[in-house]
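Dear colleague,

Please find below the sequence and structure that I am handing over to you. My notes on the salt bridges follow.

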Amino acid sequence: KWELSLNAVNTHPILVTYSVIKTNFGLEEYLNKVYNFQYRHAITKIRTSSHGLEIEKGRHHKGEHKVPRCQRLCKTCNVVEDELHFISECAINATERETLFRQISYEYHIFRNLDTISKFKYLFSTVNSQHLTWLGKFIHKSFVKRSDLYP
């Protein structure tokens, strides 16, 4: 039943990102491996779509005020601001992302050669505690930077 619900992204669009990164039913490794609460919380926000990105903010408007997905745009890049964009492409956190990708590539050499979706999946499915901590730090810093720019 869990798998059927997970694949119902047309009925429940909030599951789009979750269905990409959640592949099995069980406790996620980052919950036990990322000790810094702020970093762990930042990862959780992305995984559960409980953040302030435009993809989520636009979903919460009621009735005729609901913003169509294609209009939930990043204020910096002018493309749909979903979790994939925020983590993998957004100009707001380009410097922090470059640092994260360089750190991970140093230990996991093929990371640089992965496509965007594969990098995203790796970041959220790795069991490497250092990589998970770096990811949490990146997301936390990126959320802070974004909220400073767009309060």
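**Salt bridges and their surroundings**

Lys-33 has a relative accessibility of 25% and therefore counts as partly exposed. Please bear in mind that this is a predicted model. The side chain of Lys-33 is paired with Glu-29 in a salt bridge, with 3.4 Å between the closest N and O atoms. Glu-29, at 33% relative accessibility, is likewise classed as partly exposed.

This pair is one of nine salt bridges found in a search of the whole structure.

Two further salt bridges involve Arg-146. One of them joins Arg-146 to Glu-54, where the closest N and O atoms lie 3.8 Å apart. Arg-146 and Glu-54 are both buried.

The other is formed with Glu-81, at an N to O distance of 2.8 Å. Here too distant parts of the chain are linked, since Glu-81 sits in the loop between H5 and helix H6 (83–88), 65 residues apart from Arg-146 in helix H9. The relative accessible area of Glu-81 is 2%, and that of a buried residue is under 20%, so Glu-81 counts as buried. By the same cut-off Arg-146 is buried, because its relative accessible area is 10%.

These contacts of Arg-146 belong to a network of salt bridges that links Glu-54, Lys-57, Lys-75, Glu-81 and Arg-146.

With kind regards

Technical notes
Residues numbered from 1 in each chain as written. Predicted model: local features only at pLDDT ≥ 70, side-chain atom pairs only at ≥ 80, totals over all residues. Heavy atoms only, no water. Salt bridge = Lys/Arg side-chain N within 4 Å of Asp/Glu carboxyl O. Buried < 20%, exposed > 50% of the residue type's maximum accessible area, 1.4 Å probe, protein only. Helix = DSSP H or I, 4+ residues; strand = E, 2+ residues; numbered from the N terminus.
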